[in-house]
Structures are given as C-alpha cells and as structure tokens.
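Work through the exercises below with the sequence and the 3D view at hand. Each task is followed by a worked solution.

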Amino acid sequence: MDSQIQIENYKIQQPESWAGSVDDEQLIEKIKESDFSRKQIGDGRDYCYFLDKIYYTSNSESNEYVCMAYTLNEPSNLERASVMDVVVEENEVYNIHRISVLREGVLIDKIPDTKIKVLDSESQSSGGILSSNKKINITIKDLRLYDVLILEDSRVKVFTERDFLRKEYSKYVWVSPDNYWAYGSYKFTFINDREEPVAYKKVFFRDEQGNVLEPEVRILKKGERFTYEQENYINPVDANREIFPFIDFATVSNWKDLSNYIAPIYEEIYNASSLREFAPSLIEKLDAIPELDDKLQFAIEYVQNNIYYIFNADEMNGHKPQEPSVTYENKQGDCKAKTVLLKVILDYIGVEASVVLVNFRTDYYIKYYLPSLLTFNHVIVKINYKGETYFVDATIRDEFGLIENRGFIYFMHYLEVKPDQELQQRKPYKFQYYCINEKVDFTAKNNVGELKLNTVYKGNRANSMRRYFKNTNKREIVDSWNNFLFYSLNYNNDRNGTDIRNIFKDAVIDIIHDDKKLNEVTVQYTATVEGPYFVDSQKNRFLMYFDRNVVKGGARDFMHKDLPFWHNYDNEKYEISLYTDEKIDTEEKYTIQESTINNPYFEFTSRKKVTKNGATVNIEFKPTVNTEIPQAEFEKFRSDHHTIADSNFGLGIDIIEPGFMNRLKFGFKKHFK
C-alpha cells in the first residue's frame with residue numbers, strides 16, 4: 001500500500017472474535033460456480049457469491065461487519081468498485097479486514113494496491129449543515145473485468161457522553177436487499193451484547209402466495225443472536241407495488257416509559273434560565289404587542305427567521321437540546337434548540353405549547369416499529385390555541401400568517417415530550433380556507449382573446465408562491481404560466497410546436513397583493529391571444545379552459561398492495577368564465593354538464609351558468625387531508641376522481657359558425673347526436 005499515516009478514522013486489522021474468521025482456502029471454496037450463478041451471470045445480472053452481514057450492539061458501541069464477494073462483470077460495477085467513499089460519523093472508525101480479488105482461480109491481496117484518503121464531509125456546510133463526519137476515499141488499483149472482488153470490513157461506533165441515548169437504547173432496522181442483486185448465499189446476524197434485552201419485529205414478510213404475514217416479535221437476551229439466511233437468493237419483492245420486508249430491532253421498552261425518560265431532560269432545559277433574564281429586548285417587543293394573536297405570530301416568526309438553523313449531525317445523535325439562553329445569544333441552533341426556545345417564548349406569553357418528536361421521512365412506518373426514541377429525527381412545536389391544535393416547525397423560514405392561516409404540516413405520528421405519553425396519531429384535517437381561489441376570464445372578440453387570471457394563494461401555497469417569485473426570473477415565471485395555459489386552452493392539440501411566447505402576447509404577471517396576517521398572496525396574469533379558438537380537424541371552433549390541476553393524477557394512477565393512499569390535496573376553488581362575440585351551442589352536453597361528488601374523503605361540485613354568448617363554471621374541491629385511505633375504500637375514491645376527469649375540471653363551448661349551411665349542419669348534428 002502507498003506510504004501514508006494511519007489515523008483514527010480507519011484501521012487495517014483483523015475482525016472481532018464474534019465475527020469469526022475465514023482463511024484464504026475457505027474463501028476460494030465459497031466462491032464456486034453453480035447452475036444458479038451461471039444463469040444469473042448469463043442473464044447479465046451482477047452476482048454476489050456470498051454476503052455475510054453482522055450487526056453487533058453493546059452498551060458501549062455498535063459495530064456493523066460485512067464480508068462479501070461479488071462479480072465485476074459490468075464496466076459500471078468495476079468503476080464503482082475501483083473508487084469507493086465511506087462516510088463515518090464522529091467517533092466512528094472504518095476497519096478494513098480484507099480487500100482481495102479472485103482472478104482466474106488465484107486469490108490476490110489488493111491491500112498493497114489500495115490508496116486511502118480521509119476528507120472532510122462538509123459539502124453542505126454553507127447551508128447550515130455542520131458535521132464532524134469524515135469521508136474515507138478508497139482507490140483500488142488494477143481491478144479488472146471478470147474479477148471477483150472480496151471485501152471484508154466493519155464500522156465501529158464507540159459511544160461518548162454525547163451519545164447517552166445510544167448507550168441506553170439500541171435501534172437498528174434491517175431491510176431486505178435490493179432485488180437487482182442475486183446471492184449464492186445471504187446471511188444476516190444480529191448480536192445483542194447489551195445488558196438489556198432487545199426485541200425484534202419482522203414486518204412485511206410474505207407467504208408463498210405473496211400474502212403479507214402477521215408481524216412476528218421475539219426477544220433477544222444478552223449474548224443471544226438472530227440469524228436470517230437464504231441460499232440462491234433473489235429478493236422476490238415487487239418493488240413498485242410492495243414494501244420490502246424489514247426487521248426492526250430495539251431495546252425492549254414502551255412509549256410511556258420512553259416519554260418519562262426524555263421529559264425530565266427537556267424540563268431541565270426549559271428551566272435552566274429565565275427568558276426575562278437572557279432576552280430583555282425580546283420581552284420588551286413582546287410586551288409592546290397588545291393582541292395575543294399578534295404576539296403569537298411574532299414569536300413564531302422571530303424564531304423561524306431570526307435564529308439561524310444549523311443542522312448539527314453530531315448533536316442530533318443525542319437528544320439533549322441546547323439551552324434557550326445559548327440559542328438566543330448565538331442566534332443559531334438545531335431543530336431541538338430552536339423548538340425549545342420557541343416553547344419558552346410561548347410559555348412567557350401564555351400560549352400552551354409542547355415539544356413533539358417526529359420523523360417525516362419514515363412517518364408511515366412508525367406504527368410498525370417497536371417503541372424507540374431513536375425512531376425520531378426531528379422536533380417541532382405543538383400549540384393548543386383557542387380550542388384548536390396546531391403544529392409549527394421552528395426550522396422553516398419565510399412563513400407567515402396568524403396561527404390559523406399558517407401552512408399545514410403533513411404527518412401522522414408523534415410523541416409528545418411530557419410524562420406518561422403514548423405514541424399519538426394526528427387526526428384528519430379539513431382546511432378552513434381555500435388554498436387556491438382562482439378566477440379566470442377569457443373573452444374572445446373579433447378573433448382576439450383577452451385572458452385574465454386572478455389567483456389568491458393561502459397557507460402553504462402563499463408561502464411557496466412568495467419564495468417562487470423571490471427566487472425566479474420574471475421571464476421564467478411568465479413562461480411557466482404560458483406553458484400551463486397552452487394546455488389548459490387545448491392549444492397543444494391544434495398548434496403544437498408553435499413558440500408559446502408568440503401565442504400569448506404581452507403576457508404580464510405580478511403579485512398584486514400580499515397580506516402577511518391572512519397569509520394570502522394574490523397573483524394576476526394578463527395576456528392577449530390572437531386566434532383564441534381551438535380548431536379541430538373538421539374546422540370546428542371551440543373556446544376551452546380545462547385546468548388539469550383539478551384532476552388528481554396521483555389518485556387515479558395509484559397502484560400499491562401494501563401502502564394505503566396518503567391523502568394530502570389542497571382545498572381549491574375555481575371560477576372560469578368564457579365569452580365570445582360568436583353564437584354558441586347553449587345545449588351542448590359537456591357545456592351544460594354539472595357534477596356533485598360526496599366522497600368520504602372529499603366533496604366536489606361543478607355548477608354552470610350558460611348564456612347565448614358564453615358560460616361560467618364554478619368548481620369547488622374540499623378534501624379531508626392528512627389521512628390514509630384504506631384499500632377497501634380506495635376504488636370508490638379512484639372512481640370518483642375518474643368522474644372529475646370526465647370533462648368536469650373546466651369548461652368548453654362550441655361555436656356555431658355563421659351561414660345557412662353551417663346552421664343547417666349544426667341543427668342536423670344536434671338532432672341526431
């Protein structure tokens with residue numbers, strides 16, 4: 001190996017005794033061709049002759065050991081194997097036990113051909129993400145196509161005082177391997193060397209017919225092992241429609257005991273110092289605000305916008321938050337620090353608030369996991385105010401509005417940081433306001449159309465629209481609206497390929513009103529369209545406006561055997577008016593068609609008013625969100641969305657062309673249709 005200084009982030013040494021040992025002859029014996037291996041390699045699939053993976057946990061460390069041998073038959077696979085990156089956390093060491101290749105039946109030690117560099121893993125530091133992680137770059141010279149690469153390594157994490165939670169509790173989730181790989185032998189072992197028993201829960205395993213089995217829960221005492229083995233193995237999961245089987249390992253506990261463990265830690269931090277002592281200038285500003293509604297808005301936005309969010313990965317390894325006085329003085333902190341500061345401020349102004357633990361990324365799986373504080377990776381604030389419950393993420397920026405007008409956070413499971421708590425499930429929610437309230441006017445006169453959109457965005461939509469206008473070039477914004485209207489007006493079917501800027505002349509878009517208390521942003525778009533009518537292949541003309549945002553493609557196309565559909569659509573209202581100086585068919589089926597849908601998960605109505613020269617449709621979509629739709633109820637839900645898509649998401653009017661023959665043709669068509 002190239003001459004270099006070994007440092008604490010990696011070592012080259014023998015594996016631990018609990019991992020066992022494999023000599024060269026045993027390795028060669030394990031890398032044998034078989035009918036199964038020849039078929040996989042013949043099919044062009046990457047093949048792993050064996051994979052032996054062990055997770056070892058004790059009260060002082062965790063250790064992940066892997067020994068594997070796999071083919072380098074594809075150039076891309078060879079390239080990835082030649083240069084690898086391993087990221088290790090603070091106090092984590094990457095141990096290299098063996099790097100070898102089997103080439104034409106001969107085992108070759110590749111450690112002398114290996115170069116190792118240790119780099120800082122700080123690619124996101126400019127975005128407020130701080131970490132003591134190190135990236136270990138491993139370059140192996142002279143790997144060749146059709147080599148079999150053997151890697152034996154481990155990652156050991158020694159717990160420090162900062163990792164007090166990991167000392168007390170273990171948490172590990174094994175997920176079945178990617179179904180691209182084929183394995184001659186696959187073995188996973190979990191070793192519990194802790195003083196406390198560890199439970200494991202097998203979830204989404206299936207029988208021979210593919211039906212999901214009931215979860216299996218067992219206990220491992222100190223010194224006991226769990227082993228999962230497969231031979232000639234390709235994971236049979238249908239990745240597009242099934243959840244990969246997984247096994248959750250966690251120190252035996254329950255939610256009530258866990259909440260009683262964590263609550264005193266936070267309580268000590270709340271009471272470490274008085275807000276009046278460390279933030280007198282903030283107190284002065286709060287006291288000067290007469291209305292409690294306004295105090296609450298000020299408190300939330302102060303922490304969100306004036307305290308810089310730093311995601312410190314090392315601090316997140318534990319659960320002890322930074323004291324609010326330090327957060328206030330330094331004007332920075334992670335999610336725990338910002339949340340605790342906000343809770344202390346809300347306590348001062350007399351608003352009931354508590355800290356809750358969440359994990360948005362794995363929220364769906366929390367109900368299947370064993371109870372563990374290490375399940376959660378984020379904290380937010382729960383606020384009870386005027387008989388309603390709200391959740392606020394103190395790490396979000398540029399969010400506005402009185403508490404009832406602020407953006408809605410979608411998630412289901414949380415643990416409140418209070419004594420004697422159980423895991424809670426958030427209730428389904430109905431918006432008290434329209435997230436989108438849009439009025440569209442399109443008037444065609446002398447074959448020129450005047451188009452005007454007035455759209456009021458509220459809640460999450462308002463916050464997003466402010467950010468979009470702030471960060472996006474105005475020309476790009478106009479082009480985005482033009483492109484949307486190109487499809488809404490059906491021009492993609494009669495003038496596809498035309499420069500959209502030549503269709504929508506003098507297009508202008510602006511925010512014309514922004515109310516930071518109501519959290520409403522009003523956007524106005526205007527444009528002139530020469531040749532406003534859609535013309536079909538028979539030269540019939542139509543004035544059309546169909547907003548495809550009303551059609552929920554995700555609901556219509558959803559197909560999954562295990563996941564229920566997660567319902568999180570916005571409350572929407574549209575008024576679309578189309579007028580012309582031409583005669584129209586006032587009795588055309590789709591022009592006058594209305595609909596009413598009363599689904600358990602949403603209400604939808606479209607109501608129309610038709611005159612001799614135009615029509616108006618009012619569309620309202622009112623969902624019940626933040627809820628899962630059971631499979632037994634989903635087909636009705638899907639069918640109702642198909643109904644919306646059947647010409648109920650906009651408006652179209654047919655032009656009656658002038659002239660005796662055209663009127664005769666129209667009357668004939670009307671009589672026989």
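**Exercise 1.** Leaving aside its neighbours within four places in sequence, which residues is Y457 in contact with?

Solution. The model is a predicted one.
- Step 1: locate the residue. Y457 belongs to strand β26, which covers residues 448–458.
- Step 2: set aside the neighbours within four places and list what remains in contact with Y457: C435, I436, A462, M465, W481, N519, E520, V521 and V523.

**Exercise 2.** Is Y457 buried or exposed?

Solution. 
- Step 1: take the relative accessible area of Y457, which is 7%.
- Step 2: compare it with the cut-off; buried means under 20%. Y457 is therefore buried.

**Exercise 3.** How far apart in space are Y457 and N447, C-alpha to C-alpha?

Solution. 
- Step 1: in sequence, Y457 and N447 are ten residues apart.
- Step 2: from C-alpha to C-alpha, the distance between Y457 and N447 is 32 Å.

**Exercise 4.** Describe the aromatic pair of Y172 and F190.

Solution. 
- Step 1: begin with the count, which comes to 62 aromatic pairs.
- Step 2: for Y172 and F190, the centres lie 6.5 Å apart and the planes make an angle of 40°. Planes under 30 degrees apart count as stacked and over 60 as edge-to-face, so the rest are tilted. The pair of Y172 and F190 is tilted.
- Step 3: Y172 is in strand β11 (residues 171–175) and F190 in strand β12 (residues 182–192), 18 residues apart, and the pair links distant parts of the chain.
- Step 4: check burial. Y172 has a relative accessible area of 11% and is buried; F190, at 0%, also counts as buried.

**Exercise 5.** What are the overall figures for the protein chain?

Solution. 
- Step 1: the chain contains 18 helices and 37 strands.
- Step 2: its C-alpha atoms fill a box of roughly 95 × 70 × 50 Å along the principal axes.
- Step 3: 52% of the 673 residues count as buried.
- Step 4: among contacts with a separation of 6 or more, 74% come from residues 24 or more positions apart.

**Exercise 6.** Where is the pLDDT below 50?

Solution. 
- Step 1: the mean pLDDT of the protein chain is 92, and 94% of its residues reach 70 or more.
- Step 2: the pLDDT is below 50 over residues 1–6, a stretch with 16 contacts in the model beyond near neighbours in sequence. Over residues 123–129 the pLDDT is also below 50, with ten such contacts.
- Step 3: where pLDDT is low, the predicted coordinates should not be read in detail.

Definitions and conventions:
Residues numbered from 1 in each chain as written. Predicted model: local features only at pLDDT ≥ 70, side-chain atom pairs only at ≥ 80, totals over all residues. Heavy atoms only, no water. Helix = DSSP H or I, 4+ residues; strand = E, 2+ residues; numbered from the N terminus. Buried < 20%, exposed > 50% of the residue type's maximum accessible area, 1.4 Å probe, protein only. Contact = heavy atoms within 4.5 Å. pLDDT = per-residue confidence, 0-100. Phe/Tyr/Trp six-rings, centres within 6.5 Å; stacked < 30°, edge-to-face > 60°.
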